[in-house]
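Let's take a walk through this one together, a chain at a time.

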Amino acid sequence: MAGLIFSFQPGASPLHRLDVRVKLAALLAVSLTSLQLGHAALALALSALLLLLARAGWPPLSTLVALRWYLLLLAIVVCSQALTTAGEPLLPISWLPASRQGLEVGLLSAGRLLLVALAGLLLTVTSRPAALRAAVEWLLRPIPLVPHRQAATMVGLLVRFIPVILSQAAELKEALRARAIEESRRPLRRLTALGLPLLRRTFLTADRLTAAMEARCYGAELQRDWPSLGTRDWAALALVGCCCLALLLLSLW
Amino acid sequence: MGEDIITISGLSHRYPDGRQSLSQIDLRIPAGAFVLLAGANGAGKSTLLKHLNGLLTPTSGEVRLAGRPVGEDLRRARQLVGMVFQDADSQIVGETVYDDVAFGPENLNWPAVKVEANVTRALELVGLIGMAERSPHLLSGGEKRRLAIAGVLAMEPAVIVLDEPFANLDYAGVRDILSHIVALHAGGSTIVVSVHDIEKVLAHATRLVLMAGGRVVADGPPAVVAGEVEAHGVRLPTAIRLGLEVASWLA
């Protein structure tokens, strides 16, 4: 499951059934609200998101395991804040200048980053990639001079082709190792021996992809009819708005 | 056989670097035919196929689909002629199997209900309906090839063109893809298959077109043309060499 982080997980939960535009708006609202949240409100919001992820089919433990590298990064954020912020010493150890204020600020920053990551995870595991791409396209449409369809397609292709390029790189690495590249003492040679063929293969793949997309009529303006939001969508939007407001009030209080 | 669905007349093509890839090709393919396009690497097979739906433009001559020139309406040409490329990995664009099959019908701006119905039917036809939500990256080589075929079928093409459909497949994979091609032909589709090894599919073809050096060097019933293939860099099936009839790989 950890390998499938940020990929769509089919399901029939209420979150899966919500309009993607509502979920995108909710992600935006949660991300902006997180900037103003205090410790208690942040803990509440994190717990709520973990519960919602569990409802969408991602148990809290699996979520945390899948996010382990991200959590490590957050731990580094907390440590660096604790060590670099001046204030009341946290421990009576002279060579470890960690401060209580630094720890608090670090925890707050890490909590906010985790909140945004969990909200993003909730969005991606409950939304079909195509629907997500279409919603991004819908959001970009009113912005002048932005080729909304191309931008949305690029996002989709990036997601699709990262694993392809990585497996091509792995294949090339194996082929180079079979020809004793590890014995080479020139790091630049090792780099170019992998980089140049990989770049050539990637461009070749891009060329073939262009032909295949053209063959399937890509290029024409896509007319997508968006259904208007239903009662459930509006109710969810209102609920998210109320929750954000309540969390802000709790932080102020 | 029905009326000609593909008419190629005087088709020549030269790449921008000056290389002549096709010279004076004349072909008429009736609806419902199963054409095997054979030739060694570099014979011009893939270049010819790319002219059938306007991916390449002729230097001279023209290609007509059901009576109308390809260049007149590229959208119609690409819907009418579904093309399955040799490298399945670089033609799969969707993040999931379902999304990939829906790519073509969505581009045609078909209503959502029709898109869904066509995607479901195409996935059922190629036996991938249970994998609709999987990432294409996780499919096997044969499954990726079937997905590429489904992506084309969902667009309701009259002609299905397959460029080296058996490349890099094991025996089971070849049989699997071949059975789908044969079933599509039996269902009324016109099939054009390009190969450099004719043995796998010869028993099912109704016509064999042999290419060499960008020209059509032989064209006719498989039993008649097969004898000439080795002179143009294509391996003669062992059965013919032994004076036997070529058996189907599905038998």
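In chain A, 75% of the contacts with a separation of 6 or more are between residues 24 or more positions apart; a contact here means heavy atoms within 4.5 Å. Before going on, some ground rules: this is a predicted model, where local features need pLDDT of at least 70, side-chain atom pairs count only at pLDDT 80 or more, and totals for chains, interfaces and linings use all residues. Residues are numbered from 1 along each chain as its sequence is written, chains are lettered from A and ligands numbered from 1 in the order in which they are written, and side-chain values use heavy atoms, with hydrogens and water left out.

Chain A has ten helices and zero strands. Both kinds of element are DSSP runs numbered from the N terminus: helices are H or I with at least four residues, strands are E with at least two. Chain A is also more spread out than a compact globule, because its radius of gyration is 23 Å, well over the 18 Å that the globule rule gives for 253 residues. That radius is taken over C-alpha atoms, and the rule is 2.2 Å times the number of residues to the power 0.38.

How much of chain A is buried? Buried residues make up 36% of its 253 residues, where buried means under 20% relative accessible area, exposed means over 50%, and partly exposed is in between (1.4 Å probe, protein chains only). The accessible surface of chain A is about 15,100 Å², and 70% of that belongs to carbon and sulfur atoms. Such areas come from the Shrake-Rupley method with a 1.4 Å probe, and for residues only the protein chains shown count as cover. Chain A has 25 positive and 13 negative charges, with mean positions 4 Å apart. Lys and Arg count as positive, Asp and Glu as negative, while His and the chain ends are not counted; each charge is placed at NZ of Lys, CZ of Arg, CG of Asp or CD of Glu.

Now for chain B, which has eight helices and ten strands. Its radius of gyration is 18 Å, close to the 18 Å that the globule rule gives for 251 residues, so chain B is as compact as a globular protein of that length. The C-alpha atoms of chain B fill a box of roughly 50 × 45 × 35 Å along the principal axes. Of its 251 residues, 56% count as buried. Chain B exposes about 9,900 Å², with carbon and sulfur atoms supplying 52% of it.

Where do the two chains come together?

Next, find Arg207(B) in strand S9 (residues 207-212) of chain B. Is Arg207(B) buried or exposed? Arg207(B) counts as buried because its relative accessibility is 15%. Its side chain reaches the backbone oxygen of Arg28(B) at 2.6 Å, a polar contact (a pair of N or O atoms within 3.5 Å; within protein, one must be able to donate a hydrogen and the other to accept it, and residues adjacent in sequence count only if both atoms are side-chain atoms). Arg207(B) also touches Leu27(B), a residue of strand S2 (residues 20-30). Leu27(B) is buried too, at 4% relative accessibility.

Finally, a look at some backbone angles. Most residues other than glycine have a negative phi. Ala180(A), however, has a positive phi near 60°; this residue sits in the loop between H8 and H9 of chain A and is partly exposed at 40%. Asn168(B) has a positive phi near 65°, lies in the loop between strand S7 (159-163) and H6 of chain B, and is exposed at 79%.

How values were computed. Lists of a residue's contacts leave out its neighbours within four places in sequence.
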